[in-house]
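Here is a short report on how one protein chain is packed.

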Amino acid sequence: MLYLQKFIVRTVDTVKNNAPVKFEEYERERLDEIYSRIDRYSAMSKNERYFLNGIIRYFKPRKILEVGTARGGGSAIILNAIKDLPDSQLISTDYCEKYYMLDTDKPSGYVIGEQFPQFMDKWTLYAGGDISRYIEKIGDNIDVLVLDTAHIHPWETLNFLCILPFMKVNASWCVLHDVSLPYVSGREECLACR
């Protein structure tokens, strides 16, 4: 499993041509194509954005599940990374129907429709309920899970346990965001991702 954050808790060594692969450096130019357009919409650091792009570009997964969409900055990174992969798709879910941080009528994931409509054919969004509401419709053989929800225990842990039986056996990856959040003063309750 991989954990996405400035402080990587555990990483699996991946080797290509007898050299370790640093996902944050892998095919960076792909993300560079849209970087300035997603910068203000993503809560990830620059290195985290390149890491997410790199892991998707390296493994070329067919079925990616993103739990926690917010504005859609991470969705845009993933969709851009798979735009040339004909069999790849991103399925995103968000508990909230509307973007949760602003007093707005904008829906969760609104950045895709506003900034990247060309990606819409590779994207499915389920909003307005917990992942448990949608997981059977999403189905099995999930290659990559990007889990970036509220991080409050037990909910994010339950989300992971709900999804786990639907992950591809012996061939899937889980990327967790904000693993160091419980160490930030005032955010100690966000310990699920730890």
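Phe116 is buried, with a relative accessible area of 0%. The model is a predicted one. Phe116 sits in the loop between helix H5 (110-115) and strand S6 (123-127). Beyond its neighbours within four places in sequence, Phe116 is in contact with Ile34, Arg37, Ile38, Ala76 and Val111. Phe116 and Asn80 are 36 residues apart in sequence, yet their C-alpha atoms are 9.0 Å apart in space.

**Cores**

Which residues touch the most other members of the largest nonpolar core? They are Leu52 and Ile56, in a core of 35 residues. Helices H2 (35-38), H3 (46-59), H4 (73-82) and H5 each give two or more residues to this core, as do strands S7 (144-147) and S8. Leu52 touches Met44, Gly74, Ile77, Ile78 and Val146, with residues up to four places away in sequence not counted. There is also a second, separate core of 17 residues. Its members include Ile138, Ile142, Leu145 and Met167.

**Helix H7 and the surface**

Helix H7 spans residues 155-163. Its residues Glu156, Asn159, Phe160 and Ile163 are buried. Seen down the axis of H7, the buried residues fall within an arc of 95°, so they line one face of the helix. An α-helix has 3.6 residues a turn, so residues three or four places apart point the same way.

A nonpolar patch lies on the surface, formed by Trp155, Leu158, Leu161 and Leu164. Together these residues have about 430 Å² of accessible area. Leu164 belongs to the loop between H7 and strand S8 (173-177). Is Leu164 buried or partly exposed? Leu164 is partly exposed, because its relative accessible area of 42% falls between the 20% and 50% cut-offs.

The two residues with stated accessibility are set out here.

| Residue | Location | Relative accessible area |
|---|---|---|
| Phe116 | loop between H5 and S6 | 0% |
| Leu164 | loop between H7 and S8 | 42% |

**Whole chain**

The protein chain has seven helices and eight strands. Of its 194 residues, 52% count as buried. The chain exposes about 10100 Å², and carbon and sulfur atoms supply 50% of that area. Among contacts with a separation of 6 or more, 73% join residues 24 or more positions apart.

Note on methods:
Residues numbered from 1 in each chain as written. Predicted model: local features only at pLDDT ≥ 70, side-chain atom pairs only at ≥ 80, totals over all residues. Heavy atoms only, no water. Buried < 20%, exposed > 50% of the residue type's maximum accessible area, 1.4 Å probe, protein only. Helix = DSSP H or I, 4+ residues; strand = E, 2+ residues; numbered from the N terminus. Arc of directions from axis to C-beta. Patch = residues over 30% accessible without salt bridge, like charges linked within 9 Å, V, L, I, M, F, W, Y side chains within 5 Å. Areas by Shrake-Rupley, 256 points an atom, 1.4 Å probe, with all protein chains shown as cover. Salt bridge = Lys/Arg side-chain N within 4 Å of Asp/Glu carboxyl O. Contact = heavy atoms within 4.5 Å. Core = buried A, V, L, I, M, F, W, Y, C linked by side-chain atoms within 4.5 Å.
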